[in-house]
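Look over the fold below.

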Amino acid sequence: MMLRTLLCRTGGALLQTSQRTVPRLWVTPAQQRWASSLPMNTVVLFVPQQEAWVVERMGRFHRILEPGLNFLIPILDRIRYVQSLKEIVIDVPEQSAVSLDNVTLQIDGVLYLRILDPFKASYGVEDPEYAVTQLAQTTMRSELGKLTLDKVFRERESLNSNIVHSINQASDDWGIRCLRYEIKDIHVPPRVKESMQMQVEAERKKRATVLESEGTRESAINVAEGHKQAQILASEGQKEEQINRAAGEAQAVLAKAEAKSKAIRLLSDALAEQNGNAAASLSVAEQYVSAFSKLAKESNTVLLPSNTGDISGMVTQAMTIYSTLAKQSPKRESVTPETEEEKKSEEPASQSASAQ
């Protein structure tokens, strides 16, 4: 009971001294938040996970309490800072920046950081959050001044990485590590926005015109290629047609010649038979009469022999010519075997003479 009363009195005295030592005029919002949440020295303390309590002994840094059970000396030890080791999200206020092509932009972002060294975060800077926020704003303005307006929208990732790298270089002495920075909104002036919209529309019209011209060109090429293929196929078809027609005409000529030769052969065989001359005379008379029946049908010019009505004389004349030709053909056939026999007899004599 006496120990509990002593602890309560000691805690009350420490709380009063801590409130007296921190002037109201010199306390920042973050420090006021930390001071209001500072735990009292109750000798036995339980530190939560992901928190670091900075302890001062008689006004000087003593140690950092780890999560779990800890013991402090009353009156001599005091908890001066409580640092959170979790990831902290800071909203960077909107600010104006000028790009490389002299366009004023209104831009804001979000900063993600974590405290790595509680000692540096407590004694290296007065207000870590305020310092990092100001550093992020100045770095963002300097990085935007290196880019044009078009590159700001295209290279947001590289811009974020450059800002994180610049913040980490300056915040090493504060025990703070910037994890990432994200740009939330980028606002451009209304006139610039209208010009950008007109530029986008012009670019789209240009693309549409280019695509339409390419389509027309492809269509013309396809039509020309189709005409070319059609002409090639037509010429090949005409070629095949001419070849087939020539082959058909040749076959027709051969068929006519074979038919005519067969007709002549049959006619000669018929004339060689008994009463063949009479049949030939009858055929010549019929052809004579049919020829006179066709006169003056196709033309007005007609050539007539002097003895048109003498059909028997014409038939006799034709038969005389035929009998003369028939008498000459046996003589030629008789001469031909003799000459062949003479050639055969002359060949052995020439061979014997060459051998001698």
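In what order do the three strands of the open sheet run? The order is β6-β7-β8, and the pairing is antiparallel. Strands (E, at least two residues) and helices (H or I, at least four) are DSSP runs, numbered from the N terminus. Two strands pair if DSSP finds at least two bridges between them. This is a predicted model: local features need pLDDT of at least 70, side-chain atom pairs count only at pLDDT 80 or more, and totals for chains, interfaces and linings use all residues. Residues are numbered from 1 along each chain as its sequence is written, and side-chain values use heavy atoms, with hydrogens and water left out.

β6 (88-98) and β8 (176-187) stand at the edges, each with a single partner strand, so one side of each has no neighbour in the sheet. From one strand to the next, the twist averages 25°. Angles run from 0 to 180 degrees between N-to-C directions, with axes as lines fitted to C-alpha atoms, for helices over the stretch in contact.

Nine antiparallel bridges join β6 to β7 (residues 104-115). V98 stands opposite T104 in β7.

Now the helices. α4 (residues 128-144) packs on the sheet and touches β6, β7 and β8 (contact: heavy atoms within 4.5 Å). Its direction makes about 35° with that of β6. Helix α6 (residues 156-170) lies across β7 and β8, at about 140° to β8.

L69 is found in strand β4.
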